[in-house]
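This report goes through a single protein model, from the whole chain down to individual residues. Please keep the sequence and the coordinates at hand while reading.

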Amino acid sequence: MPDVNMPKLSDTMEEGTVVEWKKKTGDAVKAGDVLAEVESDKATFDLEAESDGVLSILVEQGVPAKIGAPIARIGAAAGAAPARPAAAPKPAAEKKPEAAAPPQAEAPPPAPAAEKAAGRNGGPNRPDVKASPLAKRLAAEMGVDIASLEGSGPEGRIVKEDVLAAGGSTRAERGRPAPVAQPVGPDVEIVEPSRMQATIARRMVEAKTAVPEFQVTVEARVDEAVSMRRQLKDSVVGADRVTMTDMLVRACALALRKFPEVNASWAEGRFQRKRAINIGLAVAPSQGMGLLVPVVHDADSKDLIQISIESRQVIERARSGRPGEGDLSGATFSISNLGMFGVDEFVAIINPPEAAILAVGAIKDVPVVEDGRIVPGKVMRMTLSVDHRVFYGATAAQFMAEVRRLIENPVTLVV
């Protein structure tokens, strides 16, 4: 019976949470069926079945699971009675003699008031209540008489949803820990962060407090790059969607090959120079707030059109909540481009363990002094944030000079 394990989709992902099971225990599933919506520290994604069979859920919604931990199983017998967890046979064996003993079966039930009191005082732990451990715990926390509920799970089992419904929880509250009292007023709305947002907040604080960084800014003329992008769009098959970010990915990949000390990390008092050049692209999710960093792997070995196609595909998969293996992990250098929003320039925060990130501003039409004359020109400002433990000012300046040379001479990006 194959396990369905919590997948690892990013370098920083340590655990994930099933936000919603799309199937329930006992359902027949086929390979490719979406089993659940899972939230990691980077994104919410669909978890698909890898084989046919009957599903048995092991981890309830809202309960975090470590990477690689089994959260469900898929049995082989699709038409038979659904496989139950290993604990199921024992209670059945114990119940048979009890059912055959008339005195116990006919014992007068407690008065309603007494039964209700039992439910509130240890009732969730009564052996005759069919409920998941999570449902019992929630019932105890919320003061819900679990014995009075009708279960919606398999064989009438009481699940978390039943307890939440009885306790008045809304769907938006599902999967979140019990609310903590917050100071609220008429002008304040408290919004709980998603797992991804909480992880971003934690890691950004770590980066700003643990990484000694400095910045280097350069201004590049991009008249020829803009012109070449138009020519590619009009004349080369597959190049119709090449963006300035794609050109910067290619330029940075070539520059990183020339300056391997930039494509590195600081770990346990040593330099780690990465053999692969993988470029992360900071993008916004399709819905809600947050930040995704899909990765173009081995960018230095791919031409501009390949980079354009791959970056578009990996971004679309990440935004759709269905990232592939490696789509959100393995970056050795990152680019954040806010130029499309009209931002002139900005400073990006390094995403450890990477040693640098390039922040890109908008392309602007400005007057430029050229051979003693003022002419119209297109310029773009780029700022490199640097982990000063890994490399130094001169290297940062040389790296940025190389990126500028490449982007100002875009023919170097296509040969």
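Helices (H or I, at least four residues) and strands (E, at least two) are DSSP runs, numbered from the N terminus. Under this definition, Asp298 falls in the loop between β13 (295-296) and α9 (304-319).

## Basis of the values

The model is predicted: local features need pLDDT of at least 70 and side-chain atom pairs count only at pLDDT 80 or more, while totals for chains, interfaces and linings use all residues. Residues are numbered from 1 along each chain as its sequence is written, and side-chain values use heavy atoms, with hydrogens and water left out.

## The chain as a whole

The protein chain contains 10 helices and 16 strands. Of its 415 residues, 40% count as buried; buried means under 20% relative accessible area, exposed over 50%, and partly exposed in between (1.4 Å probe, protein chains only).

The accessible surface comes to about 22,200 Å², and carbon and sulfur atoms hold 54% of it. Accessible areas come from the Shrake-Rupley method with a 1.4 Å probe; for residues, only the protein chains shown count as cover. Among contacts in the protein chain with a separation of 6 or more, 61% join residues 24 or more positions apart, a contact being heavy atoms within 4.5 Å.

## An open four-stranded sheet

Four strands in the order β5-β4-β2-β7 make an open sheet with antiparallel pairing. Two strands pair if DSSP finds at least two bridges between them. Because β5 (44-48) and β7 (64-66) stand at the edges with a single partner strand each, one side of each is left without a neighbour in the sheet. From one strand to the next, the twist averages 40°; axes are lines fitted to C-alpha atoms, for helices over the stretch in contact, and angles run from 0 to 180 degrees between N-to-C directions.

Within this sheet, β4 (residues 34-39) pairs with β5 in the antiparallel sense over five bridges. Val38 stands opposite Phe45 in β5.

## Val218 and its contacts

Val218 belongs to strand β9 (residues 213-221) and is buried, at a relative accessible area of 11%. Leaving aside residues up to four places away in sequence, Val218 touches Met380, Arg381, Met382, Met400 and Arg404. Val218 and Met400 are 182 residues apart along the chain, yet their C-alpha atoms are separated by 7.1 Å.

## A nonpolar surface patch

Trp266, Phe271 and Tyr392 form a nonpolar patch on the surface, with about 310 Å² of accessible area together. Patches are made of residues with over 30% relative accessible area and no salt bridge; like charges are joined within 9 Å, nonpolar side chains (Val, Leu, Ile, Met, Phe, Trp, Tyr) within 5 Å. A salt bridge is a side-chain nitrogen of Lys or Arg within 4 Å of a carboxyl oxygen of Asp or Glu. Phe271 sits in strand β11 (residues 270-273) and is partly exposed, with a relative accessible area of 44%.

## Backbone features in loops

Asp298 has a positive phi of about 50° although it is not a glycine. At 36% relative accessibility, Asp298 is partly exposed. Asp371, also not a glycine, has a positive phi near 55°. Asp371 lies in the loop between β15 and β16 (373-387) and is exposed, with a relative accessible area of 75%.

The peptide bond from Pro352 to Pro353 is cis, with omega near 10°. Pro353 is in the loop between β14 (333-337) and β15 (356-370).
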